[in-house]
Amino acid sequence: MTVLPLFLFVPHALVMAFTGIGLAFAVLSIALGTHQGQKLHLLLMLTVLPATILALCLPFIATPFHANRLLLSCMQGVLIGPAISLWPLTHLKSAPSVWTQTAQELGANRAARFRLLWLPLLGSSLTVSLILTCVLSAFGTVLLLKASLP
């Protein structure tokens, strides 16, 4: 069994994790800004399993074509984005929509609403998503490096 050096592992895992977190942040921002959480949740439910499987299989599919490993990490990050977004979006869609309006009427600006309303509401689900990000990034990176070894 070949031991993978740490310097090969870390950059790919970080690229994958930050790409997935960036996509999840965009999805949650769109859900908060447009009140389309129900539709986004349905879309994520339909794509989470195929996208995650494709993210984990992508290194074995693309390696024969000598694809750039850093680009593959980025693509894997995009594909794990739905899995990362699903848990917080589930909690977000179950929150009453009048909470934002009430906070806005009470004078809370966007930063105060995020800090005092949405962050406590989504704190546990964001933690679960962060753990899931670390696990999927580590597993995806190991598969990426194993697929590229001779």
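The accessible surface of the protein chain comes to about 8,900 Å², and 76% of that surface belongs to carbon and sulfur atoms; accessible areas come from the Shrake-Rupley method with a 1.4 Å probe, and for residues only the protein chains shown count as cover. The model is a predicted one, in which local features need pLDDT of at least 70 and side-chain atom pairs count only at pLDDT 80 or more, while totals for chains, interfaces and linings use all residues. Residues are numbered from 1 along each chain as its sequence is written, and side-chain values use heavy atoms, with hydrogens and water left out.

The protein chain has five helices and zero strands, and from the N terminus on its elements run α-α-α-α-α. Helices here are DSSP runs of H or I with at least four residues, strands are runs of E with at least two, and both are numbered from the N terminus. Of the 150 residues of the protein chain, 37% count as buried, where buried means under 20% relative accessible area, exposed means over 50% and partly exposed lies in between, with a 1.4 Å probe and protein chains only. Among the contacts in the protein chain with a separation of 6 or more, residues 24 or more positions apart account for 84%, a contact being heavy atoms within 4.5 Å.

The packing of the helices can be followed pair by pair. Helix α2 (residues 37-62) and helix α3 pack at an angle of about 150°, with their axes 8 Å apart; the axes are lines fitted to C-alpha atoms, for helices over the stretch in contact, and the angles run from 0 to 180 degrees between N-to-C directions. That angle makes α2 roughly antiparallel to α3, because angles over 145 degrees count as roughly antiparallel, under 35 as roughly parallel, 65 to 115 as roughly perpendicular and the rest as oblique. The residues of the contact of α2 with α3 divide into 18 nonpolar, eight polar and one charged, where Ala, Val, Leu, Ile, Met, Phe, Trp, Tyr, Cys and Pro count as nonpolar, Asp, Glu, Lys and Arg as charged, and the others, Gly among them, as polar. α2 passes α3 in a left-handed crossing, a crossing being left-handed if the near helix is turned anticlockwise from the far one by less than a right angle, and right-handed if clockwise.

Helix α3 (residues 69-94) also packs with helix α5 (residues 110-148), at an angle of about 155° and with the axes 9 Å apart, which makes α3 roughly antiparallel to α5. The crossing of α3 and α5 is right-handed, and the residues of their contact divide into 15 nonpolar, 10 polar and one charged.

Between α2 and α5 the angle is about 25°, with the axes 7 Å apart, and so α2 is roughly parallel to α5. In this pair, T52, L56, P59 and F60 of α2 meet L136, F139, G140, L143, L144 and A147 of α5, and the residues of the contact divide into eight nonpolar, two polar and no charged.

L40 lies in helix α2 and counts as buried because its relative accessibility is 17%; not counting residues up to four places away in sequence, L40 touches V27, I30, A31 and L89. L40 and L28 are 12 residues apart in sequence and 9.1 Å apart in space, C-alpha to C-alpha.

L46 also lies in helix α2, but its relative accessibility is 61%, so L46 counts as exposed. L46 and P82 are 36 residues apart in sequence, and their C-alpha atoms are 9.4 Å apart in space.

L121 is found in helix α5 and, at 27% relative accessibility, counts as partly exposed. Leaving aside its neighbours within four places in sequence, L121 is in contact with A95 and W99, while L121 and L92, 29 residues apart in sequence, are 8.0 Å apart in space from C-alpha to C-alpha.
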